[in-house]
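Visitor: Could you take me on a close look at one loop of this model, and then show me what else along the backbone and around the ligand deserves attention?

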Amino acid sequence: MTVQAQFPDEQSTAGEFLRQPDAFRRSVTADGSSGFPAAAGRYHLYVSWACPWAHRTIIVRKLKQLEHVIGLTAVDPIRDERGWAFREGPGHSHDAVNGFQFLREAYTATDPNYAGRVTVPVLWDTVTKQIVSNSDDDLMRMLNGEFNRWTDSPLDLYPEGLRKDIDELNTFIYENVNDGVYRAGFATSQAVYERAARRLFQALDQLEARLASRRYLFGSMFVETDWRLFVTLVRFDAVYHGHFKCNVRRIVDYPNLFGYLRDLYQTDGIAETVNFDHIKRHYYITHDDINPTGIVPIGPEQDLTGPHGRARLA
Ligand SMILES: N[C@@H](CCC(=O)N[C@@H](CS)C(=O)NCC(=O)O)C(=O)O
């Protein structure tokens, strides 16, 4: 029996999901040496509130107080075979910058031969009229470090002394958790699914232990790694547990991870970046190979605003 994969071009013969590399990886720099100088009002983010990778860039833009410097437009969470689309609706809108109907138009404007999957997030340059980058990893760093002239925020999510350790933990979390839920959810064989799901929960168990004695992953202050983990944790019980069959445990069953999730969620400005309506409708309706009926579950009941008890950890 052949099982149809959600993204057939990114499926190994063994049934593993192998994510495509990012297509555009140019950089905005404070000194302009890259050809894309940092500036206020020049760059625009195209995002989906549903997407964890896009969510990371939304969070850095928020934490670094760059909302007046870098514009943002969100796509419709429901994606059909034409890809991400700009339409009016709750939490999403038409594209006031370029008048694109589909995000694909930004990709073909940048590379007329673009043949890969069209993904969010995208940073668009309104001067040269092309995509600078669609790599959320790179975009997090750019927003953190290159626009400091336009913000009063002293926050540094990638501090010099921790970079090596941050890179290392980012890789562990990406492979086992961020992409781990997708590897479980998009697997098309029992063995591949089981391997991915087991790895995921082993990693969550390790992170649970790490967070027993530290408020954040690296101690008393959060860094980019915390927000990279957050975007998966906040979606976990609502979509990955059911839709992606990551159901050994829920995040609410982990005392430290759940307190940590609440703590991050209650950080100034963050709750308004979490849109459960978009998150749930996107996954359950768009991945029609996994959920052919498109029915969106009504649960879970989840209170992220309750006490987190984490301030006692230095
Ligand atoms: N660029 C991201 C991946 C971004 C990504 O895969 N976004 C998804 C949404 S969560 C997407 O846009 N998918 C479009 C599609 O599958 O057609 C990375 O660094 O891994």
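Guide: Let's start in the loop between β3 and β4 (130-133), where K129 is found. This is a predicted model, and in it K129 has a positive phi of about 55° although it is not a glycine. K129 counts as exposed, because it has 12 C-beta neighbours inside 10 Å.

Q65 also has a positive phi of about 55° without being a glycine. Its place is the loop between α1 and β2 (71-74). Q65 counts as partly exposed, because 15 C-beta neighbours fall inside 10 Å.

Now for the peptide bonds. The one from V120 to P121 is cis, with omega near 0°, and P121 sits in the loop between α2 (104-110) and β3 (122-125). Another cis bond joins G299 and P300, with omega about -5°; P300 lies in the segment after α9 (276-286).

V120 brings us to the ligand: among the 14 residues around the ligand, V120 comes nearest together with C51, W53, R117 and T119. The helices α1 (52-63) and α3 (136-145) each supply at least two residues of this shell. By class, the shell holds five nonpolar, four polar and five charged residues.

Finally, step back to the domains. The assignment gives domain 1 (8-150) and domain 2 (160-268).

Notes
Residues numbered from 1 in each chain as written. Predicted model: local features only at pLDDT ≥ 70, side-chain atom pairs only at ≥ 80, totals over all residues. Near = placed C-beta within 6 Å. Helix = DSSP H or I, 4+ residues; strand = E, 2+ residues; numbered from the N terminus. Nonpolar A, V, L, I, M, F, W, Y, C, P; charged D, E, K, R; others polar. Domains from an automatic or database assignment. Buried ≥ 20, exposed ≤ 12 C-beta atoms within 10 Å, placed from the backbone.
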